[in-house]
Amino acid sequence: QTECLQNFKLVEVLMGSKQVQRMVLDDQELILNRLKDIRKTSIRQMNQTRFYIVENSKSIVRVNLFVGGLPPQLSPEEYTNILKDELAIKTNVVSVSHVYQAQGAVVLEISCFSEAERIYMLVKDTSVNDKPLNAVVIPEVMASKIPQNCCPLLVFVNPKSGGLKGRDLLYSFRKLLNPHQVFELTNGGPLPGFHTFSKVPSFRVLVCGGDGTVGWVLGALEEIRHKLVCSEPSVAILPLGTGNDLGRVLRWGAGYSGEDPYSILVSVDEADDVLMDRWTILLDAEEPAEGTENGVAEPEPPKIVQMNNYCGLGIDAELSLDFHHAREEEPGKFNSRFHNKGVYVKVGLQKISHTRNLHKDIKLQVDQHEVELPSIEGLIFINIPSWGSGADLWGSESDNRFEKPRIDDGLLEVVGVTGVVHMGQVQGGFRSGIRIAQGSYFRVTLLKPIPVQVDGEPWIQAPGQIIISAAGPKVHMLKKSKQKQKKTGS
């Protein structure tokens with residue numbers, strides 16, 4: 001016991017209005033006697049005095065700095081050379097402790113405060129290959145000191161989602177939790193947070209943002225999973241975006257409307273763990289890219305994207321693309337769900353008189369079998385039973401041809417829509433889509449350029465092949481418990 005006591009010292013701190021005085025007390029000093037002496041001098045001084053037990057340890061300076069935005073797939077030596085050239089790092093006090101090659105990021109361990117400050121400030125004004133670097137100071141989590149049954153929460157907030165609500169939530173969660181648990185996604189993305197928790201044996205994740213933000217975090221988790229001690233953390237959602245289809249399916253609601261942040265943490269703690277399929281989409285264009293070099297046309301390299309919710313071809317993607325362009329032109333106006341829906345309606349009305357024959361421009365194979373398409377303008381692959389801000393595209397009627405859809409059955413549902421009017425009827429709850437197929441492996445052949453969207457991200461895809469297949473292990477999601485939902489509702 002005496003040896004244990006020798007490892008600690010008692011410190012008295014007086015927090016006056018003009019200065020803070022700190023004094024290390026003698027080992028034999030009794031706090032009660034000390035307080036009595038102070039009280040005799042001044043009651044105010046007694047109220048401003050605090051006592052702390054401090055561990056006797058030599059102060060070792062160690063600042064961990066995450067640096068992202070570097071060229072991907074380089075060796076540690078190549079990253080060190082870039083940092084020497086661009087930031088003039090001093091290798092006697094700076095070393096590269098972790099390398100994330102696929103993401104083009106490193107973690108620096110710095111043993112000098114002034115050097116850490118210099119590098120941090122310089123990174124913010126530095127670009128490599130015309131790409132700006134970003135820096136985040138990484139807190140050190142002492143995983144060995146976390147209690148055995150403890151499952152801390154890693155919070156990601158996208159302050160750009162949901163108007164100013166994201167920013168307010170960032171501040172609220174930093175007050176309620178240890179601020180080092182809460183990461184702002186606009187600064188370095190999800191990777192700094194996952195790196196910080198990489199040695200934590202068990203943790204959960206809360207993502208505050210729209211479906212796009214959730215996809216971003218799940219994609220980063222998939223890339224870094226093999227470097228985490230807890231490789232399958234469960235993920236909860238606080239919906240801040242426009243559609244929030246995944247948030248609806250997991251009972252987190254259509255969008256955050258100002259609930260008490262503390263009650264949200266309680267809901268996450270009481271949520272049920274469920275599995276969800278994720279899908280890989282390989283887009284292999286056969287036509288050359290637009291830009292040609294030396295007069296020789298080069299085909300576009302294959303593109304791989306991950307899908308959580310749905311993938312649309314044709315009219316569905318075309319509306320998303322028009323909305324996307326409108327938002328890029330005037331981003332300041334798109335900060336409310338009501339306004340966003342209004343723009344969608346306006347864009348849709350402009351398309352009513354358009355006639356298309358999507359079924360003539362594409363071919364579909366499901367699990368190696370050719371599927372004949374009906375006369376449609378849009379083809380949608382759905383992983384979750386919510387599409388276009390809460391609509392049930394598949395419908396609830398029983399059908400002997402297909403299994404009942406689930407988010408963890410390893411199957412996607414394929415649905416067709418005949419046009420904008422049909423889409424409006426589905427979103428109004430008057431009709432369902434045209435059920436076409438259900439399967440686990442899909443090949444779509446595009447015979448001409450066609451609008452495509454994956455989880456709300458649209459583009460024009462050149463003619464070629466699209467292959468959709470299951471992506472790695474299923475992800476663990478947190479579904480708000482029905483019991484908790486009833487309590488909140490009442």
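Biologist: Which residues do ring pairs link into a cluster?
Modeller: Ring pairs link Phe-156, Phe-183 and Phe-194. Rings of Phe, Tyr and Trp (its six-membered ring) pair if their centres lie within 6.5 Å; planes under 30 degrees apart count as stacked, over 60 as edge-to-face and the rest as tilted. By this rule the count is five aromatic pairs.

Biologist: What is the geometry of the pair formed by Phe-156 and Phe-183?
Modeller: That pair is tilted, with 6.4 Å centre to centre and 50° between the planes. Phe-156 sits in strand E10 (residues 153-157) and Phe-183 in strand E11 (residues 182-184), so the pair ties together parts 27 residues apart in sequence. Helices (H or I, at least four residues) and strands (E, at least two) are DSSP runs, numbered from the N terminus.

Biologist: Are Phe-156 and Phe-183 buried or exposed?
Modeller: Phe-156 and Phe-183 are both buried. Buried means under 20% relative accessible area, exposed over 50%, partly exposed in between (1.4 Å probe, protein chains only).

Biologist: Before I go on, what kind of model is this?
Modeller: This is a predicted model, where local features need pLDDT of at least 70 and side-chain atom pairs count only at pLDDT 80 or more, while totals for chains, interfaces and linings use all residues. Residues are numbered from 1 along each chain as its sequence is written, and side-chain values use heavy atoms, with hydrogens and water left out.

Biologist: Switching to helices, which residues of H10 are buried?
Modeller: In helix H10 (residues 261-270) they are Pro-261, Ile-264, Leu-265, Ser-267 and Val-268. They are on the same side of H10 because they cover an arc of only 160° around the axis, taken from the directions from the helix axis to the C-beta atoms.

Biologist: And what is exposed on the other side of H10?
Modeller: Tyr-262 and Asp-269 are exposed there.

Biologist: How about H14, which residues are buried?
Modeller: Helix H14 (residues 420-427) buries Val-420, His-422, Met-423 and Val-426. Their arc is only 160° around the axis, which puts them on the same side of H14.

Biologist: What follows H14?
Modeller: Gly-429 follows H14, and its phi is positive, near 85°.

Biologist: Last one: what lies over the face of Trp-459?
Modeller: Lys-303 does, at 3.7 Å from the ring centre. A charge sits over a ring if NZ of Lys or CZ of Arg is within 6 Å of the ring centre and within 35 degrees of the ring normal.
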